[in-house]
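Please read these notes beside the model. They cover peptide bonds, helix packing and a few individual residues.

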Amino acid sequence: MSVIELNHPLVKHKVSILRDKNTGTKEFRELAEEIAMFLCYEAMQDAKLDDVEVETPMEKTIGHKINEDRYAFVPILRAGLGMSNGITKIVPNAKIGVIGLYRNEETLEPVRYYYKVPKDIKDREVILLDPMLATGGSAIDAIKMMKEDGCTKKIKFLCLIAAPEGIKRLQETYPDVDIYCASIDDHLNEIGYIVPGLGDAGDRIFGIK
């Protein structure tokens, strides 16, 4: 499994604004979408291209297109929705699934409450979306669902911020899943939040707090 941390100056710039406690809801949402686009760009570096004939104003030529039916993007509710809008801006015909999980604040373990994905999910490469990889519990539970649903192709996990503990746990459980993140932070605190992190991504995306 690979762990890819984006080191582009624009990404670092946007992550720093994302972290700021004074960044408002509108800007936070926009930044989450923009960073998701950078992550998707990196995660799809190995995308297969089909040759297609294109007629330009000058002549016919051979172009190259991605078959979007090879992919499914699956945000983990609720915070993952904050990344999916960015994905659909660059992959406009993307098939979107949804996994509903929430974290039990006492056990820190994920609880499933919703699951809806494309019927042919097993024939697609799955790209999971969740802003925070903290304990790794939600990511592991979502990947388990995907594999139980017959996903034998690549599964990739995209997040804005990752903690070393979450990366380690995900690597140990699913060594075949690549992780793409905008920043690997320092550690988890005693209540399972990433430090320095950016707070609760879901609350900030939806303007709850």
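Helices (H or I, at least four residues) and strands (E, at least two) are DSSP runs, numbered from the N terminus. This is a predicted model, in which local features need pLDDT of at least 70 and side-chain atom pairs count only at pLDDT 80 or more, while totals for chains, interfaces and linings use all residues. Residues are numbered from 1 along each chain as its sequence is written, and side-chain values use heavy atoms, with hydrogens and water left out.

1. Cis peptide bonds. Most peptide bonds are trans. Val 195 and Pro 196 are joined by a cis bond, with omega near 0°. Pro 196 sits in the loop that runs between strand E13 (194-195) and helix H6 (201-206). The bond between Leu 77 and Arg 78 is also cis, omega being about 0°. Arg 78 belongs to the loop between strand E4 (71-77) and H3.

2. Helices H1 and H2. Two packed helices are described by the angle between their axes and the distance between the axes. Axes here are lines fitted to C-alpha atoms, for helices over the stretch in contact, and angles run from 0 to 180 degrees between N-to-C directions. For H1 (residues 9-19) and H2, the axes come within 10 Å and cross at roughly 150°. H1 is therefore roughly antiparallel to H2 (under 35 degrees counts as roughly parallel, over 145 as roughly antiparallel, 65 to 115 as roughly perpendicular, the rest as oblique). The crossing of H1 past H2 is left-handed (the near helix is turned anticlockwise from the far one by less than a right angle; clockwise is right-handed).

3. Helices H2 and H3. The axes of H2 (residues 25-43) and H3 come within 7 Å, crossing at roughly 55°. This makes H2 oblique to H3. The crossing of H2 past H3 is right-handed.

4. Leu 81. This residue is in helix H3 (residues 81-90). Leu 81 is partly exposed, at 34% relative accessible area (buried means under 20%, exposed over 50%, partly exposed in between; 1.4 Å probe, protein chains only).

5. Leu 128. From Leu 128 to Glu 53 the C-alpha to C-alpha distance is 32 Å, and the two are 75 residues apart in sequence.
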